[in-house]
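Keep the 3D view open and follow along.

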Amino acid sequence: MSPTDDGGPAARFRLGRAPATPAGPEEWGHPADAAWRAWERLRAWDQRFAIVVDTVIAVGLFVFCSGWYVHSLGRHPDLGFVAGLTLPLILRRRAPMGVFLVLAVVAAVQWGVTVPLLADAALLVALYTVAADSDWIQVAVASIILEIGVILATVRWAPVGNYFKSVIFLTGMAFAALMAGVVVRALRSQLGWLAERARSLELERDQQASLAAAAERARIAREMHDMVSHNIQVMVTLADAAAIAERSDPQRAVEAMGEVSSTGRQALGDMRRLLGLLRDGGPDTRAGSMGTDRTPAALAPPPGLGELEALVERVCSTGLAVTVAQAGEPFALSEAAGLTVYRIVQEALTNALKHAASADAVEVALSFHDPDLTVRVTDNGRAAAGALAAPVAGRNGHRNGTGTGYSSGSGQSGGGQSGGGHGMAGMAERASAFGGTLSAGPGTEGGWSVTTTLRSCKAPVRP
């Protein structure tokens with residue numbers, strides 16, 4: 001598929017995600033989403049310019065508290081204590097507990113030498129910062145210290161008028177500052193968890209897309225191998241037979257070339273059907289369309305057990321006698337199981353054509369044991385010289401000790417891993433999809449045998 005492809009399902013698998021589409025007005029989000037984005041931008045700005053924000057808060061409190069007495073009460077405040085209670089807030093986020101302790105010491109000295117100041121409210125800001133940024137032990141210590149200060153201030157000054165009301169008022173303000181810090185702390189934790197969860201979900205999505213793309217590529221490669229390898233091998237065998245019979249039996253040569261043409265059309269139809277599944281949408285109904293063939297034949301269902309007869313006839317036309325035997329009570333197979341049986345038999349017959357020396361007969365045996373099915377393909381030839389054996393993936397991908405069989409002396413394998421082919425590996429993968437196993441090796445009476453058992457392959461009964 002070229003880079004300029006129309007972006008069908010295969011292209012989306014290859015890229016690992018669906019192509020982006022411009023968002024329309026309906027996807028701009030709920031007003032709450034806009035508020036959330038605004039909050040995120042404000043929070044990011046606050047974190048980026050934290051020292052600036054804290055400086056503005058500290059200087060603002062100093063100016064406000066120092067001018068309160070001048071303009072409202074007509075007396076000059078003690079600017080030293082006001083500065084000592086407000087300006088340390090510049091470092092409140094860098095050292096929350098340290099700033100709180102400094103303010104507590106300044107407030108304790110103030111308690112002994114002067115009157116209450118509006119700047120004492122800076123202790124609430126410091127407690128809020130400790131509750132939002134420090135560990136819980138420091139939060140508890142800061143809360144106890146501030147409550148002791150509340151009691152001392154009530155005993156000496158009774159700012160609200162009597163002891164009881166003063167304790168309730170000042171304790172309530174301290175508790176509000178503490179709860180504000182705890183709530184902000186919880187929100188930050190929740191936001192951090194959500195951000196981490198979003199990242200993990202995005203990573204999981206990309207991994208799933210990669211796995212799906214790999215599985216799709218493997219499936220397409222397996223289907224293409226099964227179709228192309230078998231049909232081309234049949235065509236090559238028929239063409240060789242036609243070349244040999246051209247002088248001695250011209251009519252037989254003509255018939256063989258007709259079979260070559262028929263097999264080629266069959267392969268072309270199978271490839272069109274497979275490639276058609278990779279396109280978007282259904283039949284192209286546009287007038288004058290010159291696109292992919294959308295005829296019913298191109299979109300026909302995949303081959304199954306019913307197409308074995310045509311497969312056997314096509315192989316028999318090469319001169320290799322193929323017989324099919326059944327044992328047990330036949331039952332309907334699921335579509336996937338039928339395709340698996342067809343492809344396994346097809347690959348085994350292809351290997352017999354390519355690599356079984358002096359073989360002139362092949363037996364395909366189907367043993368039905370409801371709901372399981374055993375398929376055995378045995379030829380009467382012998383493996384070509386230099387045949388190698390390699391383990392075959394069995395149930396759950398584990399390897400058993402059977403051989404893959406046919407491998408030519410040139411090092412090209414008809415399906416074993418020994419030669420780098422995909423035939424035996426593809427058959428083993430298909431069998432493992434049904435919890436089955438695949439074995440290949442010399443038969444008990446000579447020749448070569450491929451055996452597989454598919455578990456629970458019976459088609460479900462429709463109500």
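The buried residues of helix α7 are Val139, Ala142, Leu146, Val150, Ala153 and Thr154. Why do they sit on the same side of α7? They cover an arc of only 110° around the axis, so they end up on the same side of the helix. One thing to keep in mind as you look: this is a predicted model.

On the face of α7 turned away from its buried side, you'll find the exposed residues Ile137, Ile144 and Val155.

## Checking the helix length

What comes after α7? The helix is followed by Ala158, whose phi is positive, near 45°.

## An open sheet

Over to the strands: five of them form an open sheet with mixed pairing, in the order β1-β3-β4-β7-β6. Which strands are at the edges? They are β1 (321–327) and β6 (437–442), and each of these pairs on one side only. If you ignore direction, neighbouring strands of this sheet are turned by 10° against each other on average.

## Zooming in on one pair

Take a look at β6 and strand β7, which covers residues 448–454. The two run antiparallel, and six bridges join them.

Methods: Residues are numbered from 1 along each chain as its sequence is written. This is a predicted model: local features need pLDDT of at least 70, side-chain atom pairs count only at pLDDT 80 or more; totals for chains, interfaces and linings use all residues. Side-chain values use heavy atoms; hydrogens and water are left out. Buried means under 20% relative accessible area, exposed over 50%, partly exposed in between (1.4 Å probe, protein chains only). Helices (H or I, at least four residues) and strands (E, at least two) are DSSP runs, numbered from the N terminus. The arc is that of the directions from the helix axis to the C-beta atoms. Two strands pair if DSSP finds at least two bridges between them. Axes are lines fitted to C-alpha atoms, for helices over the stretch in contact, and angles run from 0 to 180 degrees between N-to-C directions.
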